[in-house]
Amino acid sequence: MPISLNNTASDVVNDVISEAPRERTESVVRSAGVTSVALLASRVTGLLRESLMARLFGAGLIYDAFQLGFRIPNLTRDLFAEGALSSAFVPIFTEYLAQRGQKEAARLANLVATALLMVVGGLCVMGMIFAPLIVRLLAPGYVAVPGKFELAVDMTRIMFPFLLLVALAAQVMGVLNASNRFGVPAMASTFFNIGSIGFGVLLGVVFGPALHISRIEGMAVGVVLGGALQLIWQLPTLYSLGYRARLALDWRDPGLNRIFRLMIPAILGGAATQINVMVNTNFASTVADPLRGLDGPVSWLSYAFRFMQLPLGLFGVAMASATLPSISRSAAAGRMDEFRKTLSQSLGVVFLLTLPSSVGLWVLGRSIIGAIYQGGKFQYYDTEQTALALSCYAIGLTGYAALKVVVPAFYALGDSRLPMLISLGSIGINLGAAVGLTRVAHMGIAGLALSTSAVALFGFLVLFELLRRKIGGVHGKVLGARFLKIAMASVGMAVMIALSSHMVESWMGITRLAHLVNLIVSIPLGLGVYYGACRAFHVSDLDMTVSAFAAPVRRIFRTRTKTVQERS
């Protein structure tokens with residue numbers, strides 16, 4: 001949505017700029033903590049949405065078609081919300097706020113928003129027109145199943161406008177993050193999930209028969225309405241900071257052209273990521289499961305990646321959202337020591353939080369999937385296959401999360417070419433791994449998940465080395481020592497939760513109740529062992545990280561306690 005700006009947002013930025021280096025680092029982690037709690041609500045409601053879909057439609061023809069229809073416009077969520085748009089817009093918008101004043105920054109935001117309305121709106125129209133061709137390219141195996149291709153085309157056409165709503169919401173998110181507001185934009189996805197569930201159930205289940213709308217069509221319309229709610233939720237905060245809607249169009253504006261110059265390589269790099277997703281979807285649509293045939297693999301991969309997105313969003317995206325404005329200000333002011341320190345600190349926090357998450361998903365995957373999804377049309381066999389995919393995705397979690405921090409660092413330095421080249425190179429890595437693991441090794445969906453992990457790890461390692469050389473180091477020895485300590489602590493945690501899981505399964509079997517009990521027992525035990533091991537190994541910034549990520553929860557608890565006391 002086009003916007004303008006008043007003094008309030010500019011003052012916020014000036015306050016942040018004045019922070020001392022150590023305070024800036026702690027501020028980044030605190031901001032990530034706020035974002036993480038908000039994203040936790042988003043991921044939890046997302047899991048509820050997926051659990052509802054699993055119970056209503058299971059893993060088969062209908063959900064495969066829905067998932068493809070949703071994935072096509074949603075492929076651009078990373079590109080716009082967490083990729084090219086944010087990475088290119090936030091550094092330049094932050095620079096404008098700090099150096100050129102509020103009027104210039106407001107005008108730049110208006111130009112970007114108007115361009116989004118025109119360009120992305122046109123893409124939506126084209127996508128709806130050419131939906132049959134897109135579906136055929138992405139999932140050729142659907143044609144072999146009667147009715148599956150046609151349903152996927154209908155789902156794609158219904159949900160394509162979601163793309164425009166996500167792009168506008170992402171631009172608002174960038175403005176709020178640049179103004180040091182992280183909680184509200186991070187909660188936006190929560191309202192998408194709430195809206196898609198609420199509107200979907202109302203239209204597809206409650207009023208569907210009267211409106212002559214099938215359940216799956218109602219859920220598809222719910223996705224679009226949920227996207228609208230995601231945008232609307234952020235507008236009050238935007239307006240409270242003094243932003244107002246304004247249309248503006250000037251394709252020759254220097255600031256807009258700078259953003260475009262950053263975005264074009266970023267879009268190409270992001271397109272490479274989406275090509276990898278398309279390649280894996282294409283392979284998955286042709287994987288013939290021994291029991292389910294062609295119905296199931298696409299759904300299993302989708303359900304598994306949803307769980308990957310929980311720690312990825314909580315830690316990777318949260319740290320990236322909090323880090324980018326800070327390092328952008330450091331780069332704009334030429335404070336490279338501060339840039340290196342903040343970047344190293346952010347990566348250390350990502351390692352501290354995602355390595356144990358990866359281990360937890362690997363060891364407890366079957367119990368996690370069984371506790372959340374199993375039931376209704378989602379059978380135990382679906383649990384096993386989804387857990388298999390999840391364990392393979394988990395291998396690349398840390399690399400995936402670290403990329404969320406490393407890639408925007410290049411954009412903060414005004415360099416989008418190197419990330420683009422590495423991302424384009426990942427197409428070959430992914431294709432080779434997918435072919436080798438599915439066609440040669442016959443690993444099925446496990447091979448596709450492993451290929452995704454291989455791409456994430458490859459991208460992070462190469463970009464990290466290039467960035468280290470570009471900026472003259474990122475405190476690599478300290479970061480490497482911290483990574484080794486965290487890895488050892490994670491191994492100790494893995495042993496503990498593996499033993500506790502074995503004991504629970506030996507006692508209770510593999511029922512859904514057993515899965516729940518296993519999680520209730522194993523997760524606290526694992527966290528206790530991990531925290532104790534990190535303290536024993538003297539992992540730096542452990543207490544600061546725990547305090548930062550726990551602080552928003554404590555504030556919520558204190559607020560509710562105070563409210564209850566006042567009412568009593």
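Guide: A crossing of two helices is left-handed if the near helix is turned anticlockwise from the far one by less than a right angle, and right-handed if it is turned clockwise. The model discussed here is predicted.

Visitor: Which hand does the crossing of helix 14 and helix 16 have?
Guide: Helix 14 spans residues 336–372 and helix 16 spans residues 397–412. By the clockwise criterion given above, the crossing of helix 14 and helix 16 is right-handed.

Visitor: How are helix 14 and helix 16 oriented to each other, roughly parallel or roughly antiparallel?
Guide: Two packed helices are described by the angle between their axes and the distance between the axes. For helix 14 and helix 16 the angle is about 160°, and the axes lie 7 Å apart. Angles over 145 degrees count as roughly antiparallel. Helix 14 and helix 16 are therefore roughly antiparallel.

Visitor: How many charged residues are in the contact of helix 14 with helix 16?
Guide: The helix 14 side includes Phe 339, Leu 343, Ser 346 and Thr 354, and the helix 16 side includes Leu 397, Thr 398, Ala 401 and Val 405. Of the residues in the contact of helix 14 with helix 16, 14 are nonpolar and five are polar.

Visitor: At what angle do the axes of helix 16 and helix 18 cross?
Guide: Helix 16 passes helix 18 in a left-handed crossing. The axes of helix 16 and helix 18 come within 9 Å, and the angle at which they cross is roughly 35°.

Visitor: How many residues in the contact of helix 16 with helix 18 are charged?
Guide: Helix 16 contributes residues including Gly 399, Tyr 400 and Leu 403, while helix 18 contributes residues including Ala 456, Phe 460 and Lys 470. The contact of helix 16 with helix 18 holds 14 nonpolar and two polar residues, and the number of charged residues is one.

Visitor: Which residue meets Lys 148 in a salt bridge?
Guide: Ten salt bridges are found in a search of the whole structure. In one of them, Lys 148 has an N to O distance of 2.9 Å to its partner, Asp 64.

Visitor: Is Glu 465 exposed or partly exposed?
Guide: Glu 465 forms a salt bridge with Arg 468, with the closest N and O atoms 2.7 Å apart. Both residues lie in helix 18 (residues 445–471), three residues apart. Because exposed requires over 50% relative accessible area, the 26% of Glu 465 makes it partly exposed.

Visitor: What is the relative accessible area of Arg 469?
Guide: Glu 465 also meets Arg 469 in a salt bridge, at 2.8 Å from N to O. These two residues are four apart in helix 18, about one helical turn. Arg 469 counts as exposed, and its relative accessible area is 62%.

Visitor: Which residues are linked with Arg 107 in a network of salt bridges?
Guide: A salt bridge pairs a side-chain nitrogen of Lys or Arg with a carboxyl oxygen of Asp or Glu. In this network, the residues linked with Arg 107 are Asp 250 and Asp 253.

Visitor: Is Arg 482 buried or exposed?
Guide: Arg 482 is in helix 19 (residues 476–508). Its contacts beyond four places in sequence include Ser 344, Gln 345, Val 539 and Asp 541. Buried means under 20% relative accessible area, so Arg 482, at 9%, counts as buried.

Visitor: What is the relative accessible area of Thr 383?
Guide: Thr 383 is found in helix 15 (residues 380–394). Beyond four places in sequence, Thr 383 touches Arg 366, Ile 369, Gly 370, Gln 374 and Phe 378. Thr 383 is buried, with a relative accessible area of 0%.

Visitor: How far apart in space are Tyr 243 and Val 175?
Guide: Tyr 243 lies in the loop between helix 11 and helix 12, and at 1% relative accessibility it counts as buried. Tyr 243 and Val 175 are 68 residues apart in sequence, and their C-alpha to C-alpha distance is 9.4 Å.

Visitor: How many helices does the chain have?
Guide: Of the 568 residues of the chain, 58% count as buried. The chain has zero strands, and its number of helices is 21.

Methods:
Residues numbered from 1 in each chain as written. Predicted model: local features only at pLDDT ≥ 70, side-chain atom pairs only at ≥ 80, totals over all residues. Heavy atoms only, no water. Salt bridge = Lys/Arg side-chain N within 4 Å of Asp/Glu carboxyl O. Buried < 20%, exposed > 50% of the residue type's maximum accessible area, 1.4 Å probe, protein only. Axes fitted to C-alpha atoms, helices over the stretch in contact; angles between N-to-C directions. Parallel < 35°, antiparallel > 145°, perpendicular 65-115°, else oblique. Contact = heavy atoms within 4.5 Å. Nonpolar A, V, L, I, M, F, W, Y, C, P; charged D, E, K, R; others polar.
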